[in-house]
Amino acid sequence: ITMETQVSNGPSGTSLPNGPVISTNGSTDDSKTNLIVNYLPQNMTQEEFKSLFGSIGEIESCKLVRDKITGQSLGYGFVNYVDPNDADKAINTLNGLKLQTKTIKVSYARPSSASIRDANLYVSGLPKTMSQKDMEQLFSQYGRIITSRILVDQVTAGISRGVGFIRFDKRNEAEEAIKGLNGQKPLGAAEPITVKFANNPSQKTGQALLTQLYQTAARRYTGPLHHQTQRFRLDNLLNASYGVKRFSPITIDSMTSLAGVNLTGPTGAGWCIFVYNLSPEADESVLWQLFGPFGAVTNVKVIRDFTTNKCKGFGFVTMTNYDEAAMAIASLNGYRLGDRVLQVSFKTSKQHKA
DNA sequence: TCGGATT
């Protein structure tokens with residue numbers, strides 16, 4: 001039974017226990033007081049959130065939305081004011097406010113409803129030349145777009161990574177967009193795009209979650225002392241690596257002269273490392289174990305054959321900090337893992353050499 | 001012997 005059915009015949013202004021005021025048409029009417037706030041800084045706390053929006057006027061309720069497992073902020077929240085005028089004032093004064101690296105967005109929240117859930121799409125294979133506006137234009141034929149984004153390379157600042165997100169107002173609009181656009185080539189594009197429902201933010205591996213937690217904690221509490229500690233630890237690791245057997249001793253300096261390396265840079269958030277000569281049985285955990293000791297690892301991937309599901313002999317590791325990535329490469333290139341000698345280097349952007 | 005990408 002839905003809430004609407006329960007209260008639709010009740011008198012105007014019926015209050016449910018602990019609940020909002022229900023209007024005669026059966027829906028809560030907080031459309032003029034309830035706001036959604038997006039693009040909050042990752043480290044903002046519930047208290048800071050409440051304090052910021054409480055400075056505008058009396059708050060009926062507010063909630064910073066956090067990950068169920070880690071408790072980490074998901075970067076957005078809701079504020080319900082008592083007075084609609086305060087909600088209006090909050091939009092006018094706080095929308096577009098720059099907090100740290102983020103520009104927050106403050107707008108009226110859409111009424112909570114099952115039909116607006118799971119309406120978020122993940123799009124990949126986009127032409128690098130396609131702008132956010134182009135993408136919106138392509139998708140807008142299927143419904144009302146609430147938010148959209150194209151992910152860009154962090155260093156070249158602005159080059160599209162060819163992947164993005166589109167949130168529709170309604171789930172059925174998102175479904176239609178998948179039917180209409182998945183596997184299709186946009187106007188004049190060479191490759192078809194992939195359109196599917198986006199993952200939830202908390203669908204990472206346990207290890208990746210731990211890494212993210214660790215990194216967030218490190219960012220929050222780090223200081224000069226911590227940095228020095230980290231350096232000291234890396235020096236120890238480097239010294240320890242002298243004992244590693246190598247079939248091809250190589251220095252970081254000599255690596256930079258290798259073909260393709262000059263094209264290397266951090267993609268997304270970190271430095272991508274190519275690991276070759278993994279066994280067919282290799283899995284992600286071996287990469288975490290090999291690279292984790294050198295510093296912050298955000299992602300590992302073992303490339304497998306689609307049909308056999310066996311490792312194709314190589315994988316990728318993304319590390320946040322250049323120094324740590326360089327140290328891992330210097331230490332693990334030539335490392336003997338079982339009966340194999342690993343080759344480890346920064347990933348090149350070349351397809352492959354003949 | 002260099003993928004796929006999850007705000």
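**View 1. An open sheet of four strands in the predicted model, with the order β14-β15-β13-β18 and antiparallel pairing.** The edge strands of this sheet are β14, which covers residues 297-304, and β18, which covers residues 343-346, and each of them pairs on one side only. On average, and with direction ignored, neighbouring strands of the sheet are turned by 20° against each other. In general, the strands of a sheet pair through backbone hydrogen bonds, in either a parallel or an antiparallel manner.

**View 2. The antiparallel pairing of strands β13 and β15.** Strand β13 spans residues 271-276 and strand β15 spans residues 311-319, and six bridges join the two. One position to look for is Trp 271, whose bridge partner in β15 is Met 319.

View 3. Helix α10, made of residues 322-332, lies across β13, β15 and β18, and runs at about 155° to β18.

View 4. The mean pLDDT of chain A is 78, and 70% of its residues reach 70 or more. Confidence is highest in helix α3 (residues 84-94), at a mean of 97, and lowest in helix α1 (residues 3-7), at a mean of 28. Over residues 1-26 the pLDDT stays under 50, and the model has 23 contacts beyond four places in sequence for this stretch. Residues 220-264 also have a pLDDT below 50, with 46 contacts in the model beyond near neighbours in sequence. Where pLDDT is low, the predicted coordinates should not be read in detail.

Key
Residues are numbered from 1 along each chain as its sequence is written. Chains are lettered from A and ligands numbered from 1 in the order in which they are written. This is a predicted model: local features need pLDDT of at least 70, side-chain atom pairs count only at pLDDT 80 or more; totals for chains, interfaces and linings use all residues. Side-chain values use heavy atoms; hydrogens and water are left out. Two strands pair if DSSP finds at least two bridges between them. Axes are lines fitted to C-alpha atoms, for helices over the stretch in contact, and angles run from 0 to 180 degrees between N-to-C directions. Contact means heavy atoms within 4.5 Å. pLDDT is the predictor's confidence in each residue, from 0 to 100.
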